[in-house]
Amino acid sequence: MTAISRGRKKVAGVGRHVTVVGVLFSFAVVVAVVTIMVLTALGRVAEKSNVLDDERSRETMSGALKTFEAQLGATLNDYAAWDDAATNVYAADGMGWTISNYGDMSVNSSLFDMAIVVDDDMKAIMAYRDGKPMVGALDDFFSPALGTLFNKAKIAGPQDIPEATGFVATKSGIAMVGAALVRKKSGVLDVPPGKHRYLIFARHLNASKISELGTIYVIDGLQLVAADRAAAFSVGISDARGTSLGKLIWVSRAPGDIGYGEVRPMVVQAIGLVGLFFVVLLIIGWLTGQRLKAEEVNAREEAHRDRLSGLLNRDGLGVAVDGFVSEAAQTQRNVLILYLDLDGFKEVNDAYGHGTGDQLIRAVAAGLQVLIPSDAVLARIGGDEFAIVFLSDSEQAVALQLSEQILDFLAEPLEIGRRVVVIGASIGIAMSARGAVDREELVRRADLAMYKAKEAGRARMTLYDPAMDTDRAERNALELDLRMAIEGGDLTIAYQPLIDAATHAMTGVEALVRWNRPGHGPISPEVFIPVAETSGLIEALGLFVLRKACETAKLWPELRISVNVSPGQFRNPAFADYVRYVLKQTEVEAKRVTLEVTEGYMIQNPQRTRQAIERLKALGVKVALDDFGSGFSSIGYLRQFGFDRIKIDRSLVMDILESDRQREMLQATVALARSLDIPVTAEGIETEQQAIAVRLFGCDTLQGYFFGRPMPADQITQRVMEARASMASTRRTSAA
Ligand code: C2E
Ligand code: CA
Ligand code: CA
């Protein structure tokens with residue numbers, strides 16, 4: 001992966017991080033809010049429960065005091081409404097009984113601590129406190145409320161409750177006091193009023209009694225205080241006269257608070273657990289998302305990969321170059337790109353099959369991978385095209401050095417399975433200095449430089465040069481002019497004689513297109529035919545030549561006519577139909593016409609070539625292999641295509657007189673063709689000696705400046721006339 005895509009991943013990672021942090025944050029907020037709500041609710045419950053408990057305490061306390069009073073009342077009733085008492089208390093010698101049954105009882109009793117017997121005037125007859133006789137008057141010890149209680153008991157009728165009870169202040173504090181008439185159990189008393197005796201019990205609300213109450217009724221901190229003391233929780237104590245004596249106060253137990261205190265950690269824990277659960281869910285979700293994202297990234301990467309080589313493909317390269325360009329702009333470095341086209345790959349593919357071709361691609365990919373800088377990106381951008389991109393601080397030097405290494409590497413024979421193949425490469429180099437040239441333009445420049453390298457010959461590297469664009473511009477202008485020339489019929493045709501090797505008689509002509517470009521003069525077909533081929537103009541141009549040549553050939557019925565056909569035309573399945581149409585229109589016999597094709601296309605596409613040749617031959621025209629010996633020719637191909645003729649390239653003929661090797665090559669080639677029964681034309685004959693030599697080797701037709709340069713039709717007509725005349729004179733002579 002490139003630094004760029006790594007960088008991009010990092011940015012995406014940060015983004016993902018931000019969202020996760022965001023989600024976690026909002027989640028934490030939700031958990032906090034829920035916690036606060038639950039705790040607030042619990043707080044309310046606790047408060048409520050505190051209030052309820054306080055109310056209960058108050059009620060309990062009042063109840064406790066009533067019970068305290070009722071207890072004293074009941075005890076008093078037991079002791080006062082007693083048959084023995086009714087006898088002994090009223091008896092003259094009853095003091096002993098009274099003391100032992102009442103006075104002595106006041107000690108160690110939880111029910112009363114004072115026992116007093118009074119007469120109708122509330123004068124004490126016996127007064128005991130804590131088991132001992134009391135000193136001093138009752139009025140001194142008790143507050144006047146005692147009198148109120150006494151009177152209540154005194155005036156109580158038989159229907160009324162005979163006891164009167166209530167709190168009374170004493171010198172020792174506050175006491176629950178009760179007064180009742182001493183009588184028989186049945187309530188009957190046969191003692192007249194005025195002689196009545198009354199029993200008075202008192203029970204002091206002392207510290208031990210108070211703490212006992214607190215324990216029994218579960219009230220904390222219970223204590224007796226002055227009436228005016230402020231307290232949150234209290235029950236007032238007043239005597240029978242309504243005088244406030246004091247109050248009992250206590251401390252709230254706040255059971256809600258206790259409960260709340262106990263429950264709170266549990267609640268927090270529970271919410272914590274729920275939170276943890278959701279965090280786990282969130283993490284699982286996030287991980288799943290991550291995985292899906294990774295799969296998506298994988299799929300995207302797949303789309304940017306070439307299956308055969310495992311390298312990036314053209315799209316992948318585009319992304320990488322974009323990344324490099326923007327990084328270069330930031331870091332002030334240079335992006336260098338190498339476009340590499342394998343030479344001879346198609347030949348290997350055709351000769352040994354696609355399996356070998358695929359292996360070759362993989363082998364080259366593996367080799368390149370080793371040669372390129374570690375942070376460079378290698379891509380396969382076409383059948384046999386590769387690209388290498390990298391960042392560099394230097395200018396082209398690194399790229400040139402790398403190219404050299406690659407060319408050296410590819411110059412070595414490669415072993416593919418059991419075969420050894422030799423290929424090469426053409427390399428174009430372009431640079432985006434500090435990212436100033438964008439991807440599209442950079443790639444275009446590298447591509448252009450690569451084509452220039454190819455044009456210049458194989459196994460080369462070429463640096464992009466703005467002049468190449470000027471070339472391109474010139475080429476575009478040329479194309480435009482050529483189009484106009486074809487449409488305006490400004491192309492002409494020159495005819496070059498084809499000579500019988502034995503008789504040196506002209507047997508045919510080859511039609512060669514000519515263009516006098518306005519403002520430029522004559523342009524070689526070697527310049528404008530390639531332009532026509534790459535711009536789609538070749539079909540119109542080819543048809544024009546074929547038609548014109550055939551029309552002209554009508555003037556010379558004794559001559560054959562040869563017309564050059566470009567691979568571009570040949571490839572078109574409709575080409576045979578065009579030819580038939582032109583032949584019919586111009587009324588030229590098919591057998592007089594030879595179509596010359598070059599071998600390059602044959603090798604690239606043997607199947608279609610065979611079909612095309614068969615179709616043309618079915619029309620009756622002849623098909624010749626042009627420029628034989630200039631390229632990768634293998635005579636083995638010739639047989640399967642069924643060519644009617646071979647034209648030996650001028651380059652093979654040129655040096656036959658000077659070079660033994662050249663001569664032997666030509667000889668062998670002609671011999672091979674002859675052995676296949678294919679007649680041979682020698683091109684480029686410039687001297688008589690060459691003509692003699694090639695004839696000796698077996699060429700039956702000769703062509704070259706020695707016999708005549710390409711010339712206008714009327715010059716051919718002239719020659720035809722001369723030939724006819726000489727023929728006639730010969731006939732006349734022989735007749736004579
Ligand atoms: P070619 O088909 O091999 O045509 C022969 C070329 O060799 C012609 O060049 C001709 O002028 C040149 N030539 C002939 N004899 C000699 C000689 O003794 N010495 C030297 N030095 N040259 C000789 P030209 O006319 O410039 O054509 C170049 C090529 O352009 C042709 O090569 C052919 O491939 C292509 N061409 C020409 N006309 C057409 C056409 O109408 N259609 C197509 N498709 N290609 C054409
Ligand atoms: Ca030719
Ligand atoms: Ca030729």
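Buried means under 20% relative accessible area, exposed over 50%, and partly exposed in between (1.4 Å probe, protein chains only). By that scale Phe25 is exposed, at 59% relative accessibility. The structure is a predicted model, in which local features need pLDDT of at least 70, side-chain atom pairs count only at pLDDT 80 or more, and totals for chains, interfaces and linings use all residues. Side-chain values use heavy atoms, with hydrogens and water left out.

**Calcium site**
- Asp626 (OD), Asp627 (OD), Glu683 (OE) and Glu683 (OE) coordinate the calcium ion (ligand 3) at 2.0 to 2.6 Å.
- Donors are N, O and S atoms within 2.8 Å of the metal (3.2 Å for Na, K and Ca); water is not among the atoms, so sites may look incomplete.
- The donor residues of this ion follow the sequence spacing D-D-x55-E.
- Asp626 also bridges the calcium ion (ligand 3) and the calcium ion (ligand 2), which lie 3.9 Å apart.
- Asp626 is buried, with a relative accessible area of 5%, whereas Asp627 is partly exposed at 24%.

**Ligand 1 contacts**
- Polar contacts are pairs of N or O atoms within 3.5 Å; within protein, one must be able to donate a hydrogen and the other to accept it, and residues adjacent in sequence count only if both atoms are side-chain atoms.
- A polar side-chain atom of Glu686 lies 2.5 Å from a nitrogen atom of ligand 1.
- For Asn564, a polar side-chain atom is 3.1 Å from an oxygen atom of ligand 1.
- Val513 places a backbone N or O atom 3.1 Å from a nitrogen atom of ligand 1.

Methods. Residues numbered from 1 in each chain as written. Chains lettered and ligands numbered in written order.
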